[in-house]
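Here's a quick briefing on one stretch of strands and the turns that link them. Have a look at the model first, then we'll go through it.

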Amino acid sequence: IGGAIADESKLILQTPQKFADRYHVDVRVFHEALSIDRAAHTLRIQGADGTAYEEQYDKLILSPGAYPIVPNIDHADDTRVFTLRNIPDMERILSHIRSNHPARAVVVGCGYIGLELVENLVHAGVSVSAVDLADSVIAPLDRDMAAEVHTYLESKGVSLYLSSPLTAIEKANAGLTVVAGDHRLPADMVILALGIRPETTLAKNAELSLNGKGFII
């Protein structure tokens, strides 16, 4: 996004063929696991061509990952509002920057992903405002250590709005307005970096035990 890596192919560490050659693992991309029959030890899968089939297993390991948190507020689904979890997400952000040349971006969430995005947007020539509910960036850092990051961000021209919970995204003229705490921040694009939730739909439908936050026990 910031231009430090010019060749997108360098972001891909493995291909299915390389993985098969090295580890003898059958990797099936563009396949989706639809359901688990625990009694029969079978998995129903939709293939790349859209047809469904069953695969038997002796042991089944679930590693479905997570998906970004998107708050239930108006205009969170606007085409100028983004999350970043994978390479297709990155491509959408990059396409928007190249096509629309946004002058102002608001990044909501100042954890690791949020600050990576802040840095890359600055490198891409975008004026950035960073917003967070907490009173400092990167939650695991002690407040005095985070203060050094605050100073550095501001030295790079980043406007930092802490203790400012996101309450609304509004359409305004040709852009958007992010309402966070007492602030109203104009934006040509918004990136939500509010954390992740576990993608455990398969596990839930298979009646596996989940905790209160949806994680597999």
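Let's start with a pairing in this predicted model: strand S9 (residues 166-172) runs antiparallel to S10, and six bridges hold the two together.

**S9 with S10**
- Leu166 sits opposite Ala180 in S10.
- Lys171 has Leu176 of S10 standing opposite.
- The two strands make a hairpin with two residues between them, and Asn173 there takes a positive phi near 55 degrees.

**S10 with S11**
- Val178 has Leu185 in S11 as its bridge partner.
- This pair is a hairpin too, with two residues between the strands.
- Gly181, in that turn, has a positive phi of about 60 degrees.

**Burial of S10**
- How many of the six residues of strand S10 (residues 175-180) are buried?
- Six of the six are, so the strand is largely enclosed by the rest of the structure.
- Buried here means under 20% relative accessible area.
- As a reminder, side chains in a regular strand alternate between the two faces of the sheet.

Methods. Residues are numbered from 1 along each chain as its sequence is written. This is a predicted model: local features need pLDDT of at least 70, side-chain atom pairs count only at pLDDT 80 or more; totals for chains, interfaces and linings use all residues. Side-chain values use heavy atoms; hydrogens and water are left out. Buried means under 20% relative accessible area, exposed over 50%, partly exposed in between (1.4 Å probe, protein chains only). Helices (H or I, at least four residues) and strands (E, at least two) are DSSP runs, numbered from the N terminus. Two strands pair if DSSP finds at least two bridges between them.
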